[in-house]
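Please open the model in your viewer, with residue selection and distance display ready, and follow the stops below in order.

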Amino acid sequence: ELKWAGERDADDYRKKMAQERRESLAFRNAEGKRIRELEGQLKSYAQQEEHESNELKWAGERDADDYKKQMDKERRDSLASRNVDGKRIRDFEGQIKSDENHNEHESFELKWSSERDADDYK
């Protein structure tokens with residue numbers, strides 16, 4: 001009878017150890033699953049943050065490119081406007097110079113004519 005009691009105690013102990021082992025495995029599986037899910041959420045969040053960061057970076061680069069294009073266009077427009085103004089001023093100055101030359105020529109013509117008249121009168 002002691003032998004059977006010892007065997008029952010050993011069986012009970014083995015059953016208890018097997019049950020504790022199953023519970024430990026179940027706990028470790030549940031804990032591992034919880035950790036993997038948490039890591040997955042963190043990874044997903046990090047990827048989303050990285051994507052948003054890239055979107056902002058690309059938007060900033062597009063804005064900078066648009067600004068550069070706008071500045072280049074404004075510079076070209078300014079140069080074109082200054083060229084038009086410069087031509088208008090050169091044309092105006094040329095017309096004034098032409099008028100001055102014409103007036104000076106007429107002045108000399110009148111002077112020479114009066115000198116000829118004076119010579120003819122003598």
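A residue is called buried under 20% relative accessible area, exposed over 50%, and partly exposed in between, with a 1.4 Å probe and protein chains only. The model is predicted, so to speak of local features a pLDDT of at least 70 is needed, and side-chain atom pairs count only at pLDDT 80 or more, while totals for chains, interfaces and linings use all residues. Residues are numbered from 1 along each chain as its sequence is written, and side-chain values use heavy atoms, with hydrogens and water left out.

**Stop 1: the helix and its salt bridges**

Select residues 2-121, which make up helix α1; helices here are DSSP runs of H or I with at least four residues, strands are runs of E with at least two, and both are numbered from the N terminus. How many salt bridges does the structure hold? There are four, each defined as a side-chain nitrogen of Lys or Arg within 4 Å of a carboxyl oxygen of Asp or Glu.

Begin with Asp11 and Arg14, whose side chains meet in a salt bridge at 2.4 Å, N to O. Both residues lie in helix α1, three residues apart, about one turn of the helix, and Asp11 is partly exposed, with a relative accessible area of 35%.

Because Lys73 and Asp77 are four residues apart in helix α1, about one helical turn separates them. Lys73 is partly exposed at a relative accessible area of 40%, and Asp77 is partly exposed at 42%.

Then select Lys87 and Asp91, where the closest N and O atoms of another salt bridge are 2.9 Å apart. Here too the two residues stand four apart in helix α1 and are separated by about one helical turn. Lys87 counts as partly exposed at 46% relative accessibility, and Asp91 counts as partly exposed at 43%.

**Stop 2: a charged patch**

Which residues gather in a patch of negative charge on the surface? Select Glu61, Asp63, Asp65 and Asp66 to display that patch. Patches are made of residues with over 30% relative accessible area and no salt bridge, like charges being joined within 9 Å and nonpolar side chains (Val, Leu, Ile, Met, Phe, Trp, Tyr) within 5 Å. Within this group, Asp65 lies in helix α1 and is partly exposed, with a relative accessible area of 41%.

**Stop 3: the aromatic pair**

A search of the whole structure finds one aromatic pair. Select Phe108 and Trp112, which form this pair in a stacked arrangement, with 5.5 Å centre to centre and 20 degrees between the planes. Rings of Phe, Tyr and Trp (its six-membered ring) pair if their centres lie within 6.5 Å, and planes under 30 degrees apart count as stacked, over 60 as edge-to-face and the rest as tilted. Phe108 and Trp112 are four residues apart in helix α1, so about one helical turn separates them. Phe108 is partly exposed, with a relative accessible area of 33%, and Trp112 is partly exposed at 39%.

**Stop 4: distances along the chain**

Finally, select Lys43, which is placed in helix α1 and counts as exposed at 55% relative accessibility. Lys43 and Ala5 are 38 residues apart in sequence and 56 Å apart in space, C-alpha to C-alpha. Glu20 also lies in helix α1, and the C-alpha atoms of Glu20 and Gln47, 27 residues apart along the chain, are separated by 40 Å.

Notes: Areas by Shrake-Rupley, 256 points an atom, 1.4 Å probe, with all protein chains shown as cover. Lys, Arg positive; Asp, Glu negative; His and termini not counted. Charge placed at Lys NZ, Arg CZ, Asp CG, Glu CD.
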